[in-house]
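Thanks for asking me to look this over.

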Amino acid sequence: MQTYLVGGAVRDKLLGRPVVDHDHVVVGAMPEELLALGYRPVGKDFPVFLHPRTGEEYALARTERKTGRGYHGFVFQADATVTLEQDLARRDLTINAIAADEHGVLTDPYDGVRDIEARVLRHVSPAFVEDPVRVLRVARFAARFASLGFTVAGETMALMRQMVADGEVDHLVPERVWAETRKALGESQPSAFLRVLRECGALAVLFPEIDALYGVPQRAEFHPEIDCGVHVEMVLDAAARIAPGNDVVGFCALTHDLGKALTPAGELPRHVGHEHRGLAPLRALNARLKVPTEHAALAELVCREHLNAHRAFELKPATVLKLLSALDALRRPARLDAFLAACEADKRGRLGHENDEYPQAIYLRDARAAAATVNAADFVSRGLTGPAIGKAMENARTAAIAALKTNHPPS
């Protein structure tokens with residue numbers, strides 16, 4: 001029995017990046033041997049075990065064979081006869097198909113080290129086409145490593161286009177699409193996720209609401225990048241800078257402008273009312289991908305209210321309070337922070353405006369703090385009851401915001 005460190009741990013060490021997860025492959029063993037050593041089984045589809053002391057994953061070396069459509073259409077062989085090279089052959093990308101023994105000696109049968117040095121995302125074998133999740137994984141790795149200069153190999157992109165044309169991507173289950181998308185939204189350059197999916201044709205299949213934005217013009221004086229799709233890419237990357245790793249903010253950035261794809265041609269390049277038109281496609285996307293409740297709810301709020309955030313200094317104090325109430329910001333200030341991060345990303349996601357200030361965020365946080373100083377106890381002590389308390393609190397909060405506004409002139 002031999003064990004090897006594999007996959008991301010080896011890759012990230014070679015890239016000089018922090019190693020988070022340590023995954024191992026076990027060669028020359030049967031499940032019974034690991035159980036006898038105290039390893040705990042966790043794998044449903046194939047033998048994966050947790051180390052009795054470290055809790056790290058150890059998987060028996062395995063091969064896989066395609067038997068049907070989609071992600072679940074495989075049968076696996078995992079026993080003592082499977083070699084390390086056979087196990088590495090089933091992996092998606094060469095940079096993920098490198099193993100290291102206990103002494104750090106590498107086994108690299110598919111030239112993953114070469115591709116790390118060349119900054120290339122390349123498939124291991126033609127079997128890549130058998131698993132449609134790999135299209136999403138390549139796009140996600142592009143989002144993670146784009147800042148390091150990684151690009152997708154031409155032959156790998158050709159295989160991905162073939163997979164889309166053959167309908168393999170159509171069989172992806174919503175849970176896997178969302179899982180990979182959520183991870184991509186937390187990467188350092190999520191725009192690369194969209195570009196890779198669009199280049200291979202998968203964006204139109206998996207995210208037609210996003211794909212429809214490309215080629216739609218905006219007013220150049222407000223959006224020098226003009227193209228709505230390019231704008232969304234820039235907003236995604238701005239969100240990654242403003243709220244690193246926050247996939248909720250990332251999802252809001254991704255979906256905030258869906259209504260612009262529905263603007264009547266005769267109204268272009270203006271997009272009056274796009275914040276309301278965008279709600280229907282956003283809800284369709286949320287339902288189709290089974291997006292978690294908070295992601296979906298905040299994305300709707302950003303879609304509907306981001307223009308109000310941008311013009312916060314122009315809003316009446318009562319309207320500011322209404323916006324804060326819609327966000328439930330008095331009880332959940334962290335939600336306001338996520339909303340404002342997405343709105344700031346929208347403002348900065350424009351050509352030449354990447355470093356613009358966003359004083360609206362300071363004002364709206366201060367407005368929230370001012371409104372939060374008003375509490376029911378003060379009015380109960382004055383003898384108010386029932387609905388009168390609520391009305392009095394609303395009036396007091398509006399007055400508090402109005403007093404604050406004198407300290408926040410438009411910039």
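The points below go from the model as a whole to the sheet, the helices and a few loop residues.

1. **Ground rules.** This is a predicted model, in which local features need pLDDT of at least 70 and side-chain atom pairs count only at pLDDT 80 or more, while totals for chains, interfaces and linings use all residues. Residues are numbered from 1 along each chain as its sequence is written, and side-chain values use heavy atoms, with hydrogens and water left out.

2. **Overall picture.** The protein has 20 helices and 11 strands; these are DSSP runs numbered from the N terminus, with helices being H or I of at least four residues and strands being E of at least two. Along the principal axes, the C-alpha atoms fill a box of roughly 80 × 55 × 35 Å. Of the 411 residues, 50% count as buried, where buried means under 20% relative accessible area, exposed means over 50%, and partly exposed lies in between (1.4 Å probe, protein chains only). The accessible surface is about 18,300 Å², and 53% of it belongs to carbon and sulfur atoms; the areas come from the Shrake-Rupley method with a 1.4 Å probe, and for residues only the protein chains shown count as cover. Among contacts (heavy atoms within 4.5 Å) with a separation of 6 or more, 66% join residues 24 or more positions apart.

3. **The sheet.** Seven strands form an open sheet with mixed pairing, in the order β3-β4-β5-β2-β1-β8-β9. Its edge strands are β3 (40–41) and β9, each of which pairs on one side only. Two strands are taken to pair if DSSP finds at least two bridges between them.

4. **Neighbours of β1.** On which strand does β1 find five bridges? Strand β1 (residues 2–6) is joined by them to β2 (residues 23–27), and the two run antiparallel. In this pairing Gln2 stands opposite Val27, and Thr3 has Val26 as its bridge partner. Strand β8 (residues 99–100) also pairs with β1 in the antiparallel sense, over two bridges, with Leu5 opposite Ala100.

5. **Helix α1 on the sheet.** Helix α1 lies across β1, β8 and β9 and runs at about 55 degrees to β1. For such values, axes are lines fitted to C-alpha atoms (for helices over the stretch in contact), and angles run from 0 to 180 degrees between N-to-C directions. In α1 (residues 8–15) the buried residues are Ala9, Val10, Arg11, Asp12 and Leu15. They pack against β1, β8, β9 (106–107), α4 (112–118) and α5. Just after α1, Gly16 takes a positive phi of about 75 degrees.

6. **α5 with α7.** The axes of α5 (residues 133–145) and α7 (residues 174–185) come within 9 Å and cross at roughly 5 degrees. Val133, Leu136, Arg137, Arg140 and Ala143 of α5 meet Arg176, Val177, Glu180, Lys183 and Ala184 of α7. By class, this contact holds five nonpolar, no polar and five charged residues. Here Ala, Val, Leu, Ile, Met, Phe, Trp, Tyr, Cys and Pro count as nonpolar, Asp, Glu, Lys and Arg as charged, and the others, Gly among them, as polar.

7. **α6 with α8.** Helices α6 (residues 154–165) and α8 (residues 191–200) pack at an angle of about 65 degrees, with axes 8 Å apart. From α6 come Met157, Met160, Arg161 and Val164, and from α8 come Val196, Glu199 and Cys200. This contact has five nonpolar, no polar and two charged residues.

8. **Backbone spots worth a look.** Most residues other than glycine have a negative phi, and most peptide bonds are trans. Asp111, in the loop between β9 and α4, has a positive phi of about 60 degrees although it is not a glycine. Arg119, in the loop between α4 and β10 (120–121), also has a positive phi, near 60 degrees. Asp111 is partly exposed at 37% relative accessibility, as is Arg119 at 27%. The peptide bond from Leu268 to Pro269 is cis, with omega near 5 degrees; Pro269 is in the loop between α12 (247–255) and α13 (274–277).
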